[in-house]
Protein chains: 2
Amino acid sequence: MTKVNDNFLKLQKSYLFVAIAQKVKAFKEANPSAKVISLGIGDVTQPLAPAVIEAMHKAVDEMTDTKTFRGYGPEHGYAFLQDAIIANDFKPRGIELTRDEIFVNDGAKSDTGNIGDILGKDNTICVTDPIYPVYIDSNVMSGRAGEIVNGLWSNVSYMPCNAENNFTPEIPDHKTDIIYLCYPNNPTGTVITRERLAEWVEYALRHNSIIMYDAAYEAYIQDETIPHSIYEIEGAKKCAIEFHSYSKTAGFTGVRCGYTVVPKELKAIAADGSEVELNGLWERRQSTKFNGTSYITQRGAEAIYTPEGKKQVKATIDYYMANAKTMRQTLTGLGLKVFGGENAPYIWFKTPGGMSSWEMFDKMLNEAHLVCTPGVGFGPSGEGYIRLTAFGQHEDCLEAMERIKKIIKL
Amino acid sequence: MTKVNDNFLKLQKSYLFVAIAQKVKAFKEANPSAKVISLGIGDVTQPLAPAVIEAMHKAVDEMTDTKTFRGYGPEHGYAFLQDAIIANDFKPRGIELTRDEIFVNDGAKSDTGNIGDILGKDNTICVTDPIYPVYIDSNVMSGRAGEIVNGLWSNVSYMPCNAENNFTPEIPDHKTDIIYLCYPNNPTGTVITRERLAEWVEYALRHNSIIMYDAAYEAYIQDETIPHSIYEIEGAKKCAIEFHSYSKTAGFTGVRCGYTVVPKELKAIAADGSEVELNGLWERRQSTKFNGTSYITQRGAEAIYTPEGKKQVKATIDYYMANAKTMRQTLTGLGLKVFGGENAPYIWFKTPGGMSSWEMFDKMLNEAHLVCTPGVGFGPSGEGYIRLTAFGQHEDCLEAMERIKKIIKL
């Protein structure tokens, strides 16, 4: 009989957000009149920028005429979008990249999951904990995470981030091959300083490790001293792959577009000891198993970089960051220990009275009809924390804070 | 140092269509005034159906208002599209499927490549030869194809399709686990009868094998006795995954949408001997490594199934099939042995005078300024054949046939 990939059977029963959705569905069925407000899954709520809408209408119209019709595009994206990315996201920060180092995709989730295809199964992994579940789950699926022992994967080094170390993970004292970093961080909303990021780059260069740098939330950085790209650090092109997404930058969660940077300088080692450029392997992976992102979507993404697009996108980010400020102030005022929300759309707080994450989740759902994300769903160091997102309507955010005030009495 | 996936290094130097593109680029640079006509890569040229255009404009407009804005969609597609698929592609053929058996994606290439993620590395593979390169290349990348020996992969059984057996591959006389079938066939343009397909299903059920059935070209079937879906054969739900694409059905090569059917009845075996539903594994794979297809795209795909959409899409298919007829007649008239083109947009012909595929490719490019696809690029049994596609403008097709008449004298 055909055999399954047994690694899949090692995965925990269900993906975090699916588990939450099931709980919420059950609550709504039992309480059909309750007005549930979601501060849980990180989905945006505000309309697309008018510049993006206009560009997509134009692209749709191009598909009506043989002269302007577009069929298969280049697997790794149209030059017009690659050029806009280089000119706007990198050049102003002193980073030089070429078109063939930019791989346009259908969102960061695909590439952060698929990137493991090009790396050997016997590499070890290092993650900050708590963490976005896809990094580990995709490694479990490929067999690279090892076996689960007391809730932890045997080939994964977990670097705890918590209130005690001010969410600054230790740099490992041992060699690891693949390091996942996400800054501004999902789920904690915390950031990394240039100095600390330089220490990670120095570690990776010393051990010939590769950093998978998820910069999906860089557009939310308000503090000018915080790096937007790992390539702002000297030497990072030799040790890092960087993932960007328009999902949160420009409300593209339903439109699906992002990009991955794989610098030409980045190398890993083959079984025969020779060094191999990862850019070429990723290009081969994408041209074999991906057929490019929708032309219409790529024109929409290009419009984000126009003067009007930039202004409109910034206004939406400001709107969400106003939510974050309201939430921070309310929760801090209640005496809770609150993190994030200053350079990121996520608020991370310690549950009161030593409650577990899921206990607090249930309390918020049942007593305040609020959906949050239990911190423990992001890893063991998330236990006792809750993640809230700032992506809601402002009125909902205000209403949610009023409800929280009623149920939390410290 | 971080290790690469060495399986990637076993791949042949470059993907077929990339190799062709490089040759064409060099020719155009050397002959800037030549009017090159491509009958090579299978990309469509006709505009999208007006119903699709209208639906996509409407969907773009929905993104301008918080009340109608759509963020993350379900990873495996919106119910409106799944319902349209079930009602139109399956129910009229007597096939019952449920929504959770339909996985909407960004095109068949992604899923035919990624499907191997959920299966064990030690399964054996069977392909018809010649074949669409992605099936084998994606298995090489995961290590499942084995080692290359005299141009063939050690864990792959090749079932030759050629003029001698009328492009009807033998059913293997030994057990194989994963079987790739594509009908109407890319590259040969030939089809499979219901009786022959039933024999493959019987083989798969007997050996507990899984058939990966690529139905990307089913919309081109003209002969009513030819099956559009493998599920028209009794028992196929227990042994087959089916891939559909809107790329050729509705000109979506630049829009990116298709779907995969993984029936609930389909099972494979775990290391402990238990049977596992593949539907659940694929759902987990997709919810971890994919974030759904663009909402705008899915609304466009839904419109294909409206009465106007169906009529418009059929008109375009008729247009391409008129090209196919012209090509068949011309080439047959020249005394060439011609296959396909009756229920498929591909024409497959034997090169004259025993030329190799690449020799004929060079002759057509240099003497007639025509781009074709060398049959050998699809596998060893494709040597001595050429693939032409019917996706061009009709005038280009006529012009191309005039040019071919001049260079082929048998």
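**Entry 1**

Which residue in β14(B) is the bridge partner of Phe339(B)? I looked it up: Trp348(B). The model is predicted, and I take local features only at pLDDT of at least 70 and side-chain atom pairs only at pLDDT 80 or more, while totals for chains, interfaces and linings use all residues. Residues count from 1 along each chain as written, chains are lettered from A in the order written, and side-chain values use heavy atoms, without hydrogens or water.

I then checked the strands. β13 (338-340) and β14 (346-350) of chain B run antiparallel, joined by three bridges. Strands here are DSSP runs of E, at least two residues; helices are runs of H or I, at least four; both are numbered from the N terminus. Two strands pair if DSSP finds at least two bridges between them. Five residues separate β13(B) and β14(B) in the hairpin, and Gly341(B) in the turn has a positive phi of about 80°.

β14(B) also pairs with β17 (385-389) of chain B, antiparallel, over five bridges. There I found Ile347(B) opposite Leu388(B). Four of the five residues of β14(B) are buried (under 20% relative accessible area; exposed is over 50%, partly exposed in between; 1.4 Å probe, protein chains only).

**Entry 2: the seven-stranded sheet, chain B**

I traced the order as β2-β10-β9-β8-β7-β3-β6; the sheet is open and the pairing mixed. β2 (102-105) and β6 (156-160) are at the edges with a single partner strand each, so one side of each has no neighbour in the sheet. Neighbouring strands are turned by 20° on average, direction ignored.

β3 (125-129) and β7 (178-182) pair in parallel over three bridges. Cys126(B) stands opposite Ile179(B). Helix α5 (133-142) packs on the sheet and touches β3, β6, β7 and β8 of chain B; contact means heavy atoms within 4.5 Å. The direction of α5 makes about 155° with that of β7(B), using axes fitted to C-alpha atoms, for helices over the stretch in contact, with angles from 0 to 180 degrees between N-to-C directions.

**Entry 3: Ser154(B)**

I found Ser154(B) in the loop between β5 (152-153) and β6 of chain B. Ser154(B) is partly exposed, at 45% relative accessible area. Beyond neighbours within four places in sequence, Ser154(B) contacts Ala145(B), Gly146(B) and Glu147(B).

**Entry 4: helix α11, chain A**

α11 (307-333) has 27 residues and reaches 39 Å from first C-alpha to last. Its buried residues include Val313(A), Ile317(A) and Tyr320(A). Just after α11(A), Gly335(A) takes a positive phi of about 90°.

Technical notes
Expected span 1.5 Å × (residues − 1).
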